[in-house]
Amino acid sequence: MRLFVDTANVDEIREAASWGVVSGVTTNPSLMSKNAGRSFRDVITEIASIVDGPISAEVTSTDPEEMVREGTEIAAWHPNVVIKVPIIPNGLKAAKVLVGKGVRVNMTLCFSVNQALLAAAAGATFVSPFVGRLDDIGNKGMEVVADIVDVYERYGIPTQVIAASLRHPAHVVAAALAGSHIATIPYPVMMQMVKHPLTDNGLAAFMRDWEKFKQG
Ligand code: E4P
């Protein structure tokens, strides 16, 4: 399972990328809105200069022609840009046209297998089921991820599943066990993933023992 970072904060992206484990970035309009005073293009091109992998940038129109116009313009900013399009009827129309123009699409706000089937039929490269938001309303978000992965495998569908709206490290483990191709992870969750008290205690003991050994 590939690990993407789910943020539009370039400092977070720079730090996570410096670990050498990040192979893509996902943003959305809410995450992007935290970059007050900067242009959308500026932030996306800076992210693309940090991470060499798919960078998802979302359209903000709901009109199909405008979505295509926006998506075509954003995709031209950098070859690694992927256009995020919501799974609504107009989004499917726009996705089909964008795919026909050679633009890679990540269909977002996916909450069901049916929506994932439609995303795949539109030719999306990625689909993003939102796990945490389903959990929030009492559904089992990760079961949707597992079902999408199963259905895609059964029919040889090449669309890759990005487990999104992940809220804690256990979500990342569950996404991997569900067979998700990618997990997109908020920066604080990535920090939690690396931490383990036994690692910290073990390292402190190794350092102490090494100092004693060096002193003979
Ligand atoms: C990523 O593609 C999504 O936009 C993001 O994971 C949504 O997460 P949230 O439900 O925590 O806002």
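User: Where does Trp19 lie?

Analyst: The model is a predicted one. In it, helix H1 covers residues 10–18 and strand S2 covers residues 24–26. Trp19 lies in the loop between helix H1 and strand S2.

User: Is Trp19 buried, partly exposed or exposed?

Analyst: A residue is buried under 20% relative accessible area and exposed over 50%, with partly exposed in between. Trp19 has a relative accessibility of 32%, so Trp19 counts as partly exposed.

User: Which residues make a nonpolar surface patch, and what is its area?

Analyst: Trp19 is one of the residues in this patch. The others named with Trp19 are Val21, Met191 and Val194. Together Trp19, Val21, Met191 and Val194 make a nonpolar surface patch of about 320 Å².

User: How many helices and strands does the protein chain have, and what box do its C-alpha atoms fill?

Analyst: The protein chain has 11 helices and eight strands. Taken along the principal axes, the box filled by its C-alpha atoms is roughly 75 × 40 × 30 Å.

User: What share of the residues in the protein chain is buried?

Analyst: Buried here means under 20% relative accessible area. The protein chain has 216 residues, and the buried share of them is 46%.

User: Which residues form a negative surface patch, and which helix holds Glu143?

Analyst: The negative surface patch is formed by Glu143, Asp147, Asp150 and Glu153. Glu143 has a relative accessible area of 45%, so it is partly exposed. The helix that holds Glu143 spans residues 141–154 and is H8.

User: How many salt bridges does the structure hold, and which residues are linked in a network of them?

Analyst: The structure holds 10 salt bridges. A network of salt bridges links Arg14, Arg38, Asp42 and Glu46.

User: Which side chain meets Glu66 in a salt bridge, and how are the two placed along their helix?

Analyst: Both residues of this pair lie in helix H4, three residues apart, which is about one turn of the helix. Glu66 is partly exposed at 27% relative accessibility, and Arg69 is partly exposed at 43%. The N to O distance in the salt bridge is 2.8 Å, and the partner of Glu66 is Arg69.

User: Why are Glu211 and Lys214 separated by about one helical turn, and what is the N to O distance of their salt bridge?

Analyst: Glu211 and Lys214 are three residues apart in helix H11, so about one helical turn separates them. Glu211 is partly exposed at a relative accessible area of 37%, whereas Lys214 is exposed at 55%. Their side chains meet in a salt bridge with an N to O distance of 3.3 Å.

User: Where is His78 found, and which backbone nitrogen lies 3.0 Å from a polar atom of its side chain?

Analyst: His78 is found in the loop between helix H4 (64–75) and strand S4 (81–86). His78 has a relative accessible area of 23%, so it is partly exposed. The backbone nitrogen 3.0 Å from a polar atom of the His78 side chain belongs to Asn80.

User: What separates the C-alpha atoms of His78 and Met1?

Analyst: Along the chain, His78 and Met1 are 77 residues apart.

User: What is the phi value of Leu109?

Analyst: Most residues other than glycine have a negative phi. Leu109 lies in strand S5, residues 105–110, and is partly exposed at 32% relative accessible area. Leu109 is not a glycine, yet its phi is positive, near 60°.

User: Where is Ser165 placed, and what is its phi?

Analyst: Ser165 is in the loop between strand S7 (160–163) and helix H9 (169–177). Ser165 has a relative accessibility of 10%, so it counts as buried. Although Ser165 is not a glycine, its phi is positive, at about 55°.

Key: Residues numbered from 1 in each chain as written. Predicted model: local features only at pLDDT ≥ 70, side-chain atom pairs only at ≥ 80, totals over all residues. Heavy atoms only, no water. Patch = residues over 30% accessible without salt bridge, like charges linked within 9 Å, V, L, I, M, F, W, Y side chains within 5 Å. Areas by Shrake-Rupley, 256 points an atom, 1.4 Å probe, with all protein chains shown as cover. Salt bridge = Lys/Arg side-chain N within 4 Å of Asp/Glu carboxyl O. Lys, Arg positive; Asp, Glu negative; His and termini not counted. Charge placed at Lys NZ, Arg CZ, Asp CG, Glu CD. Helix = DSSP H or I, 4+ residues; strand = E, 2+ residues; numbered from the N terminus. Buried < 20%, exposed > 50% of the residue type's maximum accessible area, 1.4 Å probe, protein only. Polar contact = N/O pair within 3.5 Å; in protein donor to acceptor, adjacent residues only side chain to side chain.
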